[in-house]
Amino acid sequence: MAEHGEEKLLAVARHIAKTLGHNDSTADDILQIFSNFDGRFSRDKLSEKMGDGDPRSCAALEHSLKSLDRQISQYVAADQPIWADSADAGAFLDAVDALIATLREWNPMTGEKSVAACLDRAEDLLQQAMFRVEDEFRSLMERGGESFELSRPLGAGESAGKYLFDSEDEDDEGGMIGCGEDHQIPVAHPLSDFDILIDALPSVTINDLHDIAKRMVAAGFVKECSHVYSSCRREFLEESISRLGLQKLSIEEIHKMAWCDIEDQIERWTKAATVALRILFPSERRLCDRVFFGFSSAANLSFMEVCRGSTIQLLNFADAIAIGSRSPERLFKVLDVFETLRDLMPEFEALFSDPYCLILRNEAIAIWRRLGEAIRAIFMELENLIRRDPAKSEVPGGGLHPITRYVMNYLRAACRSRQTLEQVFNESMDDRASSSSLSVQMAWIMELLESNLEVKSRIYREPALSFVFMMNNAKYIFSKVRDSELGLLLGDDWIRKHSAKIRQYQVNYQRSSWNRVSAVLKADNTSLAQNLSLAAMREKLKSFERHFDETCRTQSAWFIFDEQLREELRISVTENLSQVYRSFLGRLQNVPEAGKHPEKLIKYTVEEIGARINGLFQGSGGGRK
């Protein structure tokens, strides 16, 4: 053994002299230096056949390689899996370790022809060993997964992971289903805790995989090891996501789908993305770290290769939603996708932070921002919808316009996601703004809606009916804003101003309608007018009754939807008209020509006037005609 060691030492010295010596003179000088340094490096020994190489210099290498070849070849050629027997696996790995060590030890002497030839054979042997190791690695992953799935008992907290992908057609209640005690089938309870990890392989198998990975990395077969690992795990991961109901669809295919089908896919995507980012991907990350323990670069590369396809599938779906139609009715599902991606962003940051995965994390952030842009664009489309809504025909009875109902219910529903919307709109907010950008957006939509309603009110030929129309729609807007998230956004000042508008519409309605009726009975201030004859008084009374009947008949089909507003309006009209009518009747009774029974001249009592008015604003005639 000592003899072999001295031969190797001499071979190294010859190799150094041959490599550094640019000519014979320089090589001789180097040999002389070695000879002076150590007696074992005698000039005769070092210079002997230096140019042609010393057969003794690779004798030890030849001996080692023959031994390793016998050991490794028997395993490489074996028909049975090597890892079926732990003793065979250990012996095979020891032989591989020895081969890798031999290559490293002799690699500095590749300048020697005989050594280089031996090392070439060693490289071939190592490659054969790596091919077999790769097959064993794949076989271990496949067999380990199968045995783990079929035979491993469930631990506490593992039921959710094992039954995570049960068919949705099974019993929703969880527990046991089946016919009889001997044929009961376990069914998972609904998954409520995402803070779990799945051990997809047994610990023994993971340890064996780590042993193989360590040798493949040492032999320079990192990419091959990563490839076989990721191909096996990628198939499992894609199958897992498929069982969650998410189809593999291109962006073009998604855009061609009916919206109701897309809504269903969004529900499935939300569940799949949550399970993937909080259970499946972290489980794969842990498995990678265990198999490639000590080799972080290989672990990161393998994890990226395993998760890339599934991650891209999830992100492409979200991107399809982000760049799809801006139709307002899509807002709520787009918000669902935005919120899901936002809530999963910590997982993206934690899982995809290494250089290999950084592009996936950055793409997730970019798509999340595009979803925010899509939400803002949907609100712009809502604005356009309000602007484009035509004033074609009047709403019967001055009732609620469909655009009012649609917009207010839409905004009220949208404000249930107020915090999300504020986050979306604040990204585009001017730093100088004193209120949130969402508040500004909502106020602007309110202004557009009111302006649109003003235009629509002008198509009514009756001025009083146009004010009823505005009163109805303004009251509906007010009722939807008050005591809601929308009211908090618009603020107390907006609510006060809008309430004042409603009161002004009431005043304008009475001025354009009932004030003209009461004006017939009002007395002039002149002394001549105050001393009217009975005939003149009767003419005024008949004119009043004619205007009153005509107004009641016209407004019998008008409608005030809000019960409180309807009652307030009736009281106001009744009080104003009754006061004037009562005053007129008092003057009529004081006319001498009226006689003892002036009531015979009167068609309506004060109470009947009030009763007739109380029958109005219900969309049909009321009171005495």
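**Close-up views of rings and helices**

**View 1. Ring pairs join Trp514, Phe544, Phe548, Tyr581 and Tyr604 into one cluster.** Rings of Phe, Tyr and Trp (its six-membered ring) pair if their centres lie within 6.5 Å. The whole structure holds 20 aromatic pairs. This is a predicted model: local features need pLDDT of at least 70, side-chain atom pairs count only at pLDDT 80 or more, and totals for chains, interfaces and linings use all residues. Residues are numbered from 1 along each chain as its sequence is written, and side-chain values use heavy atoms, with hydrogens and water left out.

**View 2. Tyr509 and Phe617 form an edge-to-face pair.** Their ring centres are 6.0 Å apart and their planes meet at 70°, and planes over 60 degrees apart count as edge-to-face. Tyr509 lies in helix α20 (residues 485-512) and Phe617 in the segment after α25 (606-614), so the pair ties together parts 108 residues apart in sequence. Helices are DSSP runs (H or I, at least four residues), numbered from the N terminus. Tyr509 is buried, at 0% relative accessibility. Phe617 is buried too, with a relative accessible area of 0%. Buried means under 20% relative accessible area (1.4 Å probe, protein chains only).

**View 3. The charged end of Arg285 sits over the ring of Phe303.** It lies 4.8 Å from the ring centre. For Arg, this requires CZ within 6 Å of the ring centre and within 35 degrees of the ring normal.

**View 4. Helix α19 (residues 463-481) packs against α20.** The angle is about 160°, with the axes 9 Å apart. Axes are lines fitted to C-alpha atoms over the stretch in contact, and angles run from 0 to 180 degrees between N-to-C directions. That makes α19 roughly antiparallel to α20 (over 145 degrees).

Key: Phe/Tyr/Trp six-rings, centres within 6.5 Å; stacked < 30°, edge-to-face > 60°. Helix = DSSP H or I, 4+ residues; strand = E, 2+ residues; numbered from the N terminus. Buried < 20%, exposed > 50% of the residue type's maximum accessible area, 1.4 Å probe, protein only. Parallel < 35°, antiparallel > 145°, perpendicular 65-115°, else oblique.
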